[in-house]
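Try each task before you read its solution.

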Amino acid sequence: MKKLSLPLLRLSVAAIALNPLFVHSELLGYIGLQGRVYPTSAAEAEQGSETVSAVIAPEWFTQWNDGDDSFNIKAFYRYDSLDSERSHGDLREFYWQHVGPSWELSIGINRVFWGVTESQHLVDIINQTDFVESADGEDKLGQPMIHFASIQSWGVIDAFILPHFRPREFAGQDGRLRSIPATLNNQERYQSDKEDEHIDYALRWSHYLGDWNLGLSWFQGTSREPLYEVIINGSDFALAPYYPLIEQSGIDAQYISGDWLWKLEAIHRRGLGHSLAEDMNASTAGFEYTFTGINTRFWDLGVLLEYSYDSRSKAQAGAFQNDIFSGGRLSLNDIASTEILFGISQDLDDSDSRSAVIEASTRLGDTMRLITELYHFRSKQTADPLYSIRRDSYVELGLEYYF
Amino acid sequence: MSIRTQFIAPFVSALCLCTALLANGQEQNNTANSPEAIGLSIAKEMKARDRGWVDNSAEMEMVLHNGKRESRREMRVLSLEVADDGDKSMTIFDSPNDVKGTAFLSFTHTNAMDDQWLYLPALKRVKRIASKNKSGPFMGSEFAYEDLNSFEVEQYDYRWLRDETLDGQDCFVVESIPRDEYSGYSKQISWIDKTHYRALKIDFYDHKNTLLKTLTLSDYQLHLDKFWRPTKQSMLNHKNQRRTEVYLRNYQFGTGLDESDFTENSLKRAR
């Protein structure tokens, strides 16, 4: 752990509070190396079968004014030997934050997470997904924003002004896990004349009351999820993303009872103006239950079951139009914090449409983690969004060093 | 598909690793000289002597001895005393590096399940945690979560066993039986010094009533002329012979922490 704090190497938060001029800064982050193999031959000839990639994700922050002011930077770069489009960098965070007695103001590039479910994140709309980074969609691109939060006894109000839109990045011709035909980068179209300069707005109220967590959210602006248009690119067909203007309202709720967590997320989205986007509803609901101390070594097993519904047709709805996700998390509670995550998502209308994942990780020494990941995709119908990646099941082995 | 949430196990307020010795004496044992009544009065005195600290912060280092290898965990713990309920605490992890920035918020309750939240910095996500898991190991150590719990009322039934000298100090020896059915212990035997009512040693028994672990608390320091805190605690597991030491350093009292420092928002910005 490299520390740049001045003037002492390590001080408690309390000591910072006692010294108004105290500036506390730290550098941290990780670097990683991954090898990935796709055992099945590719759907298109130019797509490769193995890749080596390297990642660096440094983070730096500094706090001053009793810790009420902070400046935060988090950068990210990945090099990928197979797909030049997957070699990409992003400024995940670059923001100043001021904390008042019952409010917070953040200005700059940041990431914001909303929601409670695990299999997909319907209400989480502030940030664009980093589509080339991982198959699970958990990685997000940094979003420029002005974010004001008011923290009251009746809940937290978050208000956002989002002045710049981040389009999705798509895997290149050589890459796997892409549409067929490929989706082109830098060919995106927008409903708004202002294109990626359209100013979006969002509001959220969230509250915690005993065993309940509740959130209501509203967003107006450019949809993070594009529609796809078929275009002619030279002599070939290609897809180009089209970003409509939408309004989206969302609710997320969670109830905790003993070892049970009950979860619900639901959204209503409607197109604005002459939008090409059809109005839609979608929801994910389910539970998580943890079996603790399942053996003499005190392993824990959390199990998860979530059902997802989407009112759109299968081709538009993505992988969650009528699907069950079941999964688990096995924690060995050992010194190396070994854990294994696994899950399977099954389409209830089409027994041949499913995806599955196993991810295991363990600490080596004090600063490294060894991670292995196995994804399996199966699909037989051309209308299925999984169809284009049906031959892209893969196994990955990675090593990460944390500093 | 996205269950990629790192799951750092939950963790509770760690400043007072003393036995929870408060209990309501049972009706039939309510005579002043019954072992139960004596035990209760010892517990009440112990609790009374630890009231009024308001808030504090400390740095915590855990050293895990696993055969030849040593492994370290570092964290900072902020605590707030709450009148008529359990304490609030926030734990911010500094090492190992892969969990750095992870933070844990806990509201302990005397008469209800605790409320617990975990902040996962990689996803900038706060997760609510089910709080029944008390007997599992904390961060791979020989400490269970319940060993790190703050000292709360009505969690045990107990009994004074005898007086005994331990390392030259006159002690009460008290048995406490957890009321929580999810506790990993059938009973705890505590040695409490008669002068300052500090726990010096605790034996933990498993559900088969065999001796599972022994905690030794030492290097007590006096803060604000009133509050004794052990600088070193050593937990020995008799079944696997592994040992974990906990060092608490740089105690600060009256740091000006208040309710607003123990919210989901403050958890997200904990550094």
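### Exercise 1: a residue in its surroundings

Ala253(A) has 16 C-beta neighbours inside 10 Å, so Ala253(A) counts as partly exposed. Keep in mind that the model you are looking at is predicted.

**Task.** Find the strand that holds Ala253(A), and list what Ala253(A) contacts beyond its neighbours within four places in sequence.

**Solution.** 
- Step 1. Start with the count: a buried residue needs 20 or more such neighbours and an exposed one has 12 or fewer, so 16 places Ala253(A) in the partly exposed class.
- Step 2. Ala253(A) belongs to strand E13 of chain A, which runs over residues 245-257.
- Step 3. Once neighbours within four places are set aside, the contacts of Ala253(A) are Asn213(A), Leu214(A) and Leu264(A).
- Step 4. Now look at Gly215(A): 38 residues separate Gly215(A) from Ala253(A) in sequence, yet their C-alpha atoms are 6.3 Å apart.

### Exercise 2: a three-stranded sheet

**Task.** In the open sheet E8-E12-E11 of chain A, work out which strands stand at the edges.

**Solution.** 
- Step 1. Read the order, E8-E12-E11, and note that the pairing is mixed.
- Step 2. Strand E8 (189-190) and strand E11 (227-233) of chain A each have a single partner strand, so they stand at the edges, with one side of each lacking a neighbour in the sheet.
- Step 3. E11(A) pairs with strand E12 (residues 236-243) of chain A through seven bridges, in the antiparallel sense.
- Step 4. To see one of these pairs, go to Ile231(A), whose bridge partner in E12(A) is Ala238(A).

### Exercise 3: chain A as a whole

**Task.** Decide how the radius of gyration of chain A compares with the globule rule.

**Solution.** 
- Step 1. List the elements: chain A has two helices and 21 strands.
- Step 2. The radius of gyration is 22 Å and the rule gives 22 Å for 403 residues, so chain A is as compact as a globular protein of that length.
- Step 3. Finally, 40% of the 403 residues of chain A count as buried.

### Exercise 4: where the chains meet

**Task.** Describe the side of chain B that touches chain A, by residue class.

**Solution.** 
- Step 1. Count both sides: 40 residues of chain B contact 58 residues of chain A.
- Step 2. Sort the chain B side, which gives 10 nonpolar, 17 polar and 13 charged residues.

Note on methods: Residues are numbered from 1 along each chain as its sequence is written. Chains are lettered from A and ligands numbered from 1 in the order in which they are written. This is a predicted model: local features need pLDDT of at least 70, side-chain atom pairs count only at pLDDT 80 or more; totals for chains, interfaces and linings use all residues. Two residues are in contact if their C-beta atoms, placed from the backbone, lie within 7 Å. Ala, Val, Leu, Ile, Met, Phe, Trp, Tyr, Cys and Pro count as nonpolar, Asp, Glu, Lys and Arg as charged, and the others, Gly among them, as polar. Two strands pair if DSSP finds at least two bridges between them. Helices (H or I, at least four residues) and strands (E, at least two) are DSSP runs, numbered from the N terminus. The radius of gyration is taken over C-alpha atoms; the globule rule is 2.2 Å times the number of residues to the power 0.38.
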